[in-house]
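What follows is a walk through the side-chain contacts of one protein model. Please look at the sequence and the structure first.

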Amino acid sequence: MNRTNRIAGAFGKGKAFIAFITGGDPSIEKSEEYILKMLEAGADIIEIGIPFSDPIAEGPTIQNANIRALAAGTTVDKLFSLVESLRKKTEAPLLFMSYLNPVFHYGYERFFSACEGKGVDGIIIPDLPFEEHGELADTAAAHGVTLISMIAPSSEARLGLLIRPATGFIYTVASMGVTGVRSQLDAGLDGLLKKIKSEATIPVAAGFGIGTAEQARQVARYADGVIVGSAIVRLVEQHGANAASQIFEFVSRMKSAISS
C-alpha cells in the first residue's frame, strides 16, 4: 500500500483518531511499545515527534518530553530505525512531527529519501511558513512523503490560498498558543472547521488542546479526525516505562468518544 492510500484509508473508516507521542521518551523501545498499544486501542494514525531543543510551539508537557528524549540519546537516525521496526508490524500511517531545523540539518534529500525507505507516510512541520513550503515540498513529494499543512484560526483570511495545495489531510489548530490540554477550546473552532471543510477536497482534522473525551466528541461533530498529543505525553511523563496500560485505556476512550 502506498503512502497516500495509507493516509486516505485511515479516514475511510469513519472519524480518525490521530495520536501523538514524542519519539524516544522514555526510550526508543518504549516508544515502539506505546505506539503499538495505541494502534491496538484504535488509533488510526500515529504522529512521532522528533525531539528538538527549542520547540517553540510546545507547552511544558511536550517541551519536557523533548528534553527527556534527547537526554536518552534519541537521534533522527534512531527514529528512522523505530519506523523501520514498526513497519514490520503495522501498515498504519506513520507521520513525523518535526521542526524545520532537524530536517534542514539532516539534509532535505537525505531525510525524505530515508522516509521513503523506512516507511514514513508524511510529515508535519509547525514552524514551516506557507510561503516557504516550496523549499521542500517537491523533495518530499518526489519520495512519496505527504507534507501536511497546518491552518490556525489566525489564517482565516487566506483559507483558500492555504487549502488549495494541501495534501493528505488538513491539520486545523484548535486553540491558539502552544500545545497543552485546555479546559476550553477556541470558541470559533466549529465555524472555522465548517469553512475549511466547505473548500477542502481532503479530510480535515483538528488538534492542539484536545485532552478529554467530551472535547474530542465535540470536535468530531465537524472534523474528520481528532489529534491528541499532550494528554498522551503526560501519561508517559507520569508513568514512564509503565505507561502502556494507561495509554491503551486513554486512546480507547478517545476513539470511542469520536466514533459515537
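Which residue forms a salt bridge with Lys30, and how far apart are the closest N and O atoms? The partner is Glu33, and the closest N and O atoms are 2.7 Å apart. The model is a predicted one. Both residues belong to helix 2 (residues 28–40), where they stand three residues apart, about one turn of the helix. Glu33 counts as partly exposed because its relative accessibility is 29%, which falls between the limits of 20% and 50%.

Side chains of opposite charge can pair when their charged atoms come close. The structure holds 14 salt bridges. Another of them joins Lys89 to Glu32, at 2.4 Å from N to O. Lys89 lies in the loop between helix 4 (76–86) and strand 3, and Glu32 lies in helix 2, so this pair ties together parts that are 57 residues apart in sequence. Glu32 has a relative accessible area of 13% and is therefore buried, the limit being under 20%.

Arg221 is exposed, at 53% relative accessibility, whereas Asp190 is partly exposed, at 25%. Salt bridges that share partners also join Arg6, Arg87, Glu91 and Asp121 into one network.

The next topic is the aromatic rings. The count of aromatic pairs comes to 10. One of them is formed by Phe11 and Phe169, a tilted pair with 5.5 Å from centre to centre and 50° between the planes. Phe11 sits in helix 1 (residues 3–11) and Phe169 in the loop between helix 8 (159–163) and strand 6 (170–173), so the pair links parts of the chain 158 residues apart. Phe11 is buried, with a relative accessible area of 13%, and Phe169 is buried at 0%.

Phe96 and Phe111 form a tilted pair as well, with 6.1 Å between centres and 45° between planes. Phe96 is in strand 3 (residues 94–97) and Phe111 in helix 6 (residues 108–118), so the pair ties together parts that are 15 residues apart in sequence. Phe96 is buried, at 0%, and Phe111 is buried, at 0%.

Arg110 lies over the face of Tyr106, 3.8 Å from the ring centre. The charged end of Lys37 sits over the ring of Phe248, 5.4 Å from its centre.

Conventions: Residues numbered from 1 in each chain as written. Predicted model: local features only at pLDDT ≥ 70, side-chain atom pairs only at ≥ 80, totals over all residues. Heavy atoms only, no water. Phe/Tyr/Trp six-rings, centres within 6.5 Å; stacked < 30°, edge-to-face > 60°. Helix = DSSP H or I, 4+ residues; strand = E, 2+ residues; numbered from the N terminus. Buried < 20%, exposed > 50% of the residue type's maximum accessible area, 1.4 Å probe, protein only. Lys NZ or Arg CZ within 6 Å of the ring centre and 35° of its normal. Salt bridge = Lys/Arg side-chain N within 4 Å of Asp/Glu carboxyl O.
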